[in-house]
Amino acid sequence: METGDKSVVCIDVGTTNARGWLVSGDVVLARAQTQVGVRDSAREGSATRLRSALKDLIARVCAGAPPPSYVAAAGMITSSLGLAEVAHIEAPAGLEDLARSVERHSFSDVTEFPLYLVPGVRTGPMRTVLDTISNTDVMRGEETLCVGLMGSGLLKGPTTLLNLGSHWKAIRIDERQRIQSSVTTLSGELIHTAQTQTILASAVPRERLAAVDDCWVDAGMQEGRRSGISRALFCVRLLEQKCDGSPEQRLSFLAGVFIGADLDAFMARRALGGDGLVVITGGGALAQAWLRALSRSSIRAAVLSESEVEHGLLEGLKSIVEKSSEYGR
């Protein structure tokens, strides 16, 4: 792989969107985003829309710039709903393990440049059965972020990365700076679905939570623990009917239901607490709600800025792909 001083295109494909960057060294020359992800592939039974969106995304970040050396991609692009399925590697896994399994592909309908795909990481047995499902988990994309944050010194094991995206994921990092295990929930998607696709759509804003109301988050956590998620969510409807609170406060209550459920689940699985700091990425205002919830559980935590997360993801992508050249990838 010849890179020299040339630029590189970095791609991150998630469940609901895809992001692209043109990067030269530590400088981001261009960035773009599209509201197309693998959820569209799942709905339509085809990756046609995703392939077209990625072609446009790469063209947008490369517009007016010299040709890049290659395209590096991670996330759900390597799933069966993406461009090509790349098998997960087993945890524990670090930079070198990921680099050994990078795959080079050519997709002429998407880009003229070589495209390197970073594999995800799997916790537990490679074959999922009912008896072992509780000990099984997967990630695609977060492994790349972990590598970049560890390389920049923002993530030091033993610790936990709590990533708040469409899926909420607690990732344990061991003392050898490897991904040891992970636990994932659908809470990000479920919050969005409750906001937009259920009877609660009239009770709360359709947009992401812009600011948290601590009292309403606490009330949501308490009601979820007392009555279960489904009943607690219906309470949002009851609060709307009696005009108790603003739409934003009711959204804080709704978010609190999921924060309480996931906090309890993560702690029961020993994914949080113990040695080290919990580092929170993503989530916007939700990160602050999580920070407070963890603090009240006597768990030290810190929230990384959007720029730190972006830098970590890009550095992770570049370092894994560049390291892969040592293994003939």
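This is a predicted model: local features need pLDDT of at least 70, side-chain atom pairs count only at pLDDT 80 or more; totals for chains, interfaces and linings use all residues.
**Ground rules.** I number residues from 1 along each chain as its sequence is written, and I leave hydrogens and water out, using heavy atoms for side-chain values. Local features need pLDDT of at least 70, side-chain atom pairs count only at pLDDT 80 or more, and totals for chains, interfaces and linings use all residues.

**Entry 1: α6 and α7.** I took helices (H or I, at least four residues) and strands (E, at least two) as DSSP runs, numbered from the N terminus. Helix α6 covers residues 214–227 and helix α7 covers residues 229–241. Their axes come within 7 Å and cross at roughly 135°. Axes here are lines fitted to C-alpha atoms, for helices over the stretch in contact, with angles from 0 to 180 degrees between N-to-C directions. Angles under 35 degrees count as roughly parallel, over 145 as roughly antiparallel, 65 to 115 as roughly perpendicular and the rest as oblique. I then listed the contact (heavy atoms within 4.5 Å). α6 brings W216, E223, G224 and S227, and α7 brings I229, R231, A232, C235 and L239.

**Entry 2: α6 and α8.** Next I checked α6 against α8. These axes come within 6 Å and cross at roughly 50°. That makes α6 oblique to α8. On the α6 side I found W216, V217, A219, G220, M221, E223, G224 and R225. Among their α8 partners are F253, G256, I259 and L263.

**Entry 3: the largest nonpolar core.** A nonpolar core is a set of buried Ala, Val, Leu, Ile, Met, Phe, Trp, Tyr and Cys residues joined through side-chain atoms within 4.5 Å. Buried means under 20% relative accessible area, exposed over 50%, partly exposed in between (1.4 Å probe, protein chains only). The largest core has 40 residues. L162, L254, I259, L272, W290 and L294 touch the most other members. α8 (247–268) is among the elements giving two or more residues. α8 gives the most, with 9 residues. I looked at I259 separately. Leaving out residues up to four places away in sequence, I259 touches W168, V217, M221, L286, A289, W290 and A293. Another core, of 33 residues, lies apart and includes V23, Y70, A72 and L313.

**Entry 4: α5.** Which residues of α5 are buried? I noted S187, G188, E189, I191, A194, Q195 and T196. Their cover includes α1 (38–44), β11, β12 (179–185) and α8.
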